[in-house]
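Here is a walk through one model, written for someone with the structure open in a viewer. Take a look at the sequence and the fold before reading on.

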Amino acid sequence: MLPFRSAAASLAILALSAAGALAGDDPAPQTFPAVLAGHAVLPAMTFAAPPADAPAMFATSGKFAGPTPARIDRPFSTMGTTGSKDAVRETGVLFPFVGQAVQGFSGIKPVGNGEYVVLTDNGFGAKANSPDAMLMVHRVKPDWQTGRVAVLNTLFLSDPDRKVPFRITTEATKERYLTGADFDIESVQPVGDHYWFGDELGPFLIETDAAGRVLTVVDTAADGKPVRSPDNPYLTTPAAPGPVAFEARRSKGFEGMAASADGKTLYPLLEGGLWDPAKGAPETDAEGREYLRVLEFDTASKKFTGKSWKYRLEAKGNAIGDFNLIDATRGLIIERDNGEGDAAQACQGVPKPDCFATPAKFKRVFLIDLAQADADGFLRKIGSIDLMAIQDPDHKARRGGHDGTLSFPFVTIENVARVDADHIIIANDNNLPFSSGRAVDRQDDNEFVLLKVTELLNAQ
């Protein structure tokens, strides 16, 4: 077992539409059934105490997450909101928080005994508003019988050996704990007794030891050229007004990252298409459809190999949520729109705070095969399941079930992994305190669902 900080010492619990056909002669991916086998919920108001040697600033979190850049010092004084600017909805959660919010998970990996490694992403959604959010990895165990999720232990990432080559938030401290202003970790892969993380801000790949201490930070390259986002610390603004060149849009760095079974190869997947300067738009195929890059990375040499694949999005504006392999070459990718909420509660006419202005429509898990790419490197989508229409014949849904069906209408669904020959696990990122997709006026919890998807896992 990896040396996480004890949960007893650090945790305080407070409480598709049909897929379109691919370009060319590829057939449309078949939709397979998904049957609910288990449902467990971790309350949104779940917090971890910062380590005893952490700076005092981490005793509270979310102080910079308000609607203006001004710091908010008084805990539980500002209401979380979501929705469009024309129909802002309150989530019912007040911040800043006392402690570190365990909150939204982005990246999951089974580690045996019904336990999973999950990570908390950068904190509050942006580099600028997350300097008091500590980067954490947790070991959790859903109990499908009781519907509860135990947070067994927590690991805080740090850089005591100064391996991060740029200034971090806690630069002047000995322990140098990492924050959401340093990296936005969105995917995790245990490799031996180390961890590899995919980051959105650089984007970077980050290696740590079993205690969460940084060993390596790798700059991203595709086609032999650097890939940087506007949050990359090496970018500088010009002295006079003018353009700044970068290759990945904000929040479109590494979102999912698969790994080979032996841990020798990583497959980080960008959330958005690389920028095409000639078009002034993200990369698209011959038919104008945006595609994302799956890159190949060798963990021994700690270098990108130069090989990549192309993943076509089903619609403009879609994004991916996670990527994990189920065997040597086949993998699962979450693709979703930016909507949240059940269409049955959609606003009629003018958006209002008591309805969903942009309800969820497209939330799917696709099965792809790295070995079945075409001559141009485009991946074939073999099949999918619809997370808006999960079958629930035994009424196992803890919430959101209706007429033998469960929907998963969250804006960000960022966790998928194979559990066994028949099942996969899915979980949402609840963006605490800024998402309410299960109910119009209530902050989402972290929900885990166990799905029986035998046909999808057997598809070739």
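What follows covers the sheets, a few single residues, and the pockets and the cavity.

## Ground rules

This is a predicted model, so local features need pLDDT of at least 70 and side-chain atom pairs count only at pLDDT 80 or more, while totals for chains, interfaces and linings use all residues. Residues are numbered from 1 along each chain as its sequence is written, and side-chain values use heavy atoms, with hydrogens and water left out.

## The five-stranded sheet

Start with an open sheet of five strands, in the order β3-β30-β29-β28-β27 and with mixed pairing. Strands here are DSSP runs of E with at least two residues, numbered from the N terminus, and two of them pair if DSSP finds at least two bridges between them. The edges belong to β3 and β27; each has a single partner strand, so one side of each is left without a neighbour in the sheet.

Strand β30 (residues 381–386) is mostly covered, with six of its six residues buried. Buried means under 20% relative accessible area, exposed means over 50%, and partly exposed is in between, using a 1.4 Å probe and protein chains only. To β30, strand β3 (residues 30–31) is joined by two bridges in a parallel run, and Gln30 stands opposite Gly383. Strand β29 (residues 363–369) runs antiparallel to β30 and is joined to it by five bridges; here Arg364 stands opposite Asp386. Strand β28 (residues 330–336) pairs with β29 over seven bridges, again antiparallel, and Arg330 has Asp369 as its bridge partner.

## The four-stranded sheet

Another open sheet has four strands in the order β21-β22-β25-β26, with antiparallel pairing. Its edge strands are β21 (254–259) and β26 (303–312), each pairing on one side only. From one strand to the next, the twist averages 25°. That angle comes from axes, which are lines fitted to C-alpha atoms (for helices over the stretch in contact), and runs from 0 to 180 degrees between N-to-C directions.

Gly306, in strand β26, counts as exposed at 51% relative accessibility. Its C-alpha atom is 6.9 Å from that of Glu296, 10 residues apart along the chain. Gly401, in strand β32 (residues 401–402), is partly exposed at 43%. Gly401 and Ile390 are 11 residues apart in sequence and 9.2 Å apart in space, C-alpha to C-alpha.

## Pockets and a cavity

First, the terms. On a 1 Å grid over the protein atoms alone, a cavity is a set of points where a 1.4 Å probe fits but cannot get out, and a pocket is an open set with protein on both sides within 12 Å along at least five of seven lines; lining residues have an atom within 4 Å of a point. Grid points are joined across faces, edges and corners, and a volume is the space filled by probe spheres set on the points.

The largest pocket holds about 670 Å³ of space. Its lining has 35 residues, and Val411, Thr412, Asn431, Phe434 and Ser435 lie nearest its centre. The second largest pocket holds about 420 Å³ and is lined by 20 residues, with Lys109, Ala259, Ser260, Ala261 and Leu325 nearest its centre. The elements giving two or more residues to that lining are β11 (105–112), β15 (185–191), β27 (319–325) and β34 (413–418).

The largest cavity takes up about 50 Å³. Among the residues lining this cavity are Ser61, Gln100, Asp121, Phe124 and Met136.
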